[in-house]
Amino acid sequence: MMLEKASKPSVGFIGLGNMGLPMARNLLKKGFPLTVYDISSDRSAVLAREGARVAQSPTDLAGRCDIICCSLPEPKVSREVIAGESGIAAGLRPGSIVVELSTVPPSLIREMCQVVERRGGWLLDAGVAGGVPNAEKGTLTIMVGGDRLAYERASAALQAIGSNIFYMGPSGHGMIAKIVNNAIAHVNVVAAVEGMALGVKAGLSPDLLAEVLSKGSANSYQFENRVKGRLLKRNFKPGMKLHLAYKDSRLACELGNELGVPLFVTGVAHSVYQEGMSAGWADEDYVTIAKIWEKLLGISIESGDK
Ligand code: NAD
């Protein structure tokens, strides 16, 4: 047991938000020596109380760790944290592996790969799916692209945060799979909410309708988690923030544009998320878009069970 613990690589985690914090906590629980950094020191303090060390900057963290994970909100933040003045690259030790768990465009992955490789390290793109419930349970699905040997070296750490881990191929391919996953999942939320709005406007009980749909072919992960689990209970606390869902559908649309692939329904879903952003709901869970129909129709898709 002692030997197993001593042989674990030191892991760093940058970005301790709704996803990052539970992922980092699972690394700690599985016995990886952990160093953390978040721009908000409150987030780091939570894990410091559980045994993590706290770094002063991404450069400081990179100088202490073999594997450096990032879970950050926006591509521009990822670029700054990896390649910026006090970023990871400036402190990276040769042979270290950066694991980008944030959802970012494949083009940024390829650019950051070069930055990291110039410092003698590797960068893996590792898109995660399954949301906060699976991040907490350590059962995320992880889609990894990049150097195969680096993937094998990082796999014990990946297994601490996920239970379905797929090697997708060269750099960027993990992120492409993740973007496709979210394009489908986010269209599904729009369809589920719109269908509920139609039934409720026609006079059906939200509870009964949701119960029936969840037993039929309309059911899905998103229907269970977002419509039944959140919307009916009026729980808009994220989960996944609307601005992140909007970012993801934007990434899908950009990839479609780049490749000349028509994305009919993804484009429509993106406009719905845009509408929610304009309404000022960026930091609520993205099922908040249901309020668009509720306001238009004068209905509430709310459970009668209090
Ligand atoms: P979040 O907004 O809850 O967390 C982001 C964290 O990054 C925050 O703690 C913030 O303080 C920190 N941060 C911001 N700028 C920073 C900087 N410069 N340096 C260090 N830390 C910084 O977001 P989240 O929901 O945890 O999502 C993180 C990433 O994972 C996103 O790319 C998102 O698209 C992706 N993702 C989210 C979900 C989900 O269900 N929430 C699921 C899969 C993937």
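This is a predicted model: local features need pLDDT of at least 70, side-chain atom pairs count only at pLDDT 80 or more; totals for chains, interfaces and linings use all residues.
**Entry 1: counting salt bridges**

I began with charged side chains and asked how many salt bridges the structure holds. The count is 14. I picked a few of them to look at one by one.

**Entry 2: R25 and E50**

I looked up R25 and found a salt bridge to E50, with 2.8 Å between the closest N and O atoms. Where do the two residues lie? R25 belongs to helix α2, residues 20-29. E50 is in the loop between α3 (41-48) and β3 (53-54). The pair therefore ties together parts that are 25 residues apart in sequence. I also checked accessibility: R25 is partly exposed, at 25% relative accessible area, and E50 is partly exposed too, at 37%.

**Entry 3: R64 and D60**

Next I turned to R64, whose side chain meets that of D60 in a salt bridge, 3.1 Å from N to O. How accessible is R64? R64 has a relative accessible area of 25%, which puts it in the partly exposed class. D60 also counts as partly exposed, with 25% relative accessibility.

**Entry 4: R250 and its partners**

I then went to helix α13, residues 242-259, which holds both R250 and E254. The two are 4 residues apart, about one turn of the helix. They form a salt bridge, and their closest N and O atoms are 3.5 Å apart. R250 is partly exposed at 26% relative accessibility, and E254 is partly exposed at 38%. Which residues are linked in a network here? I found E74, R250 and E254 joined by salt bridges.

**Entry 5: the sheet**

I moved on to the strands and traced an open sheet of 8, with mixed pairing. I wrote down the order as β3-β2-β1-β4-β5-β6-β7-β8. Which strands stand at the edges? They are β3 and β8 (162-169), and each has a single partner strand, so one side of each is left without a neighbour in the sheet.

**Entry 6: β5, β6 and a helix on the sheet**

Inside that order I looked at β5 (residues 97-100) and β6 (residues 122-129), which run parallel and are joined by 4 bridges. One spot I marked is E100, which stands opposite D125 in β6. Helix α10, residues 173-201, packs on the sheet. I listed the strands that α10 touches: β5, β6, β7 (140-145) and β8. The direction of α10 makes about 15 degrees with that of β6.

Note on methods:
Residues are numbered from 1 along each chain as its sequence is written. Side-chain values use heavy atoms; hydrogens and water are left out. A salt bridge is a side-chain nitrogen of Lys or Arg within 4 Å of a carboxyl oxygen of Asp or Glu. Buried means under 20% relative accessible area, exposed over 50%, partly exposed in between (1.4 Å probe, protein chains only). Two strands pair if DSSP finds at least two bridges between them. Contact means heavy atoms within 4.5 Å. Axes are lines fitted to C-alpha atoms, for helices over the stretch in contact, and angles run from 0 to 180 degrees between N-to-C directions.
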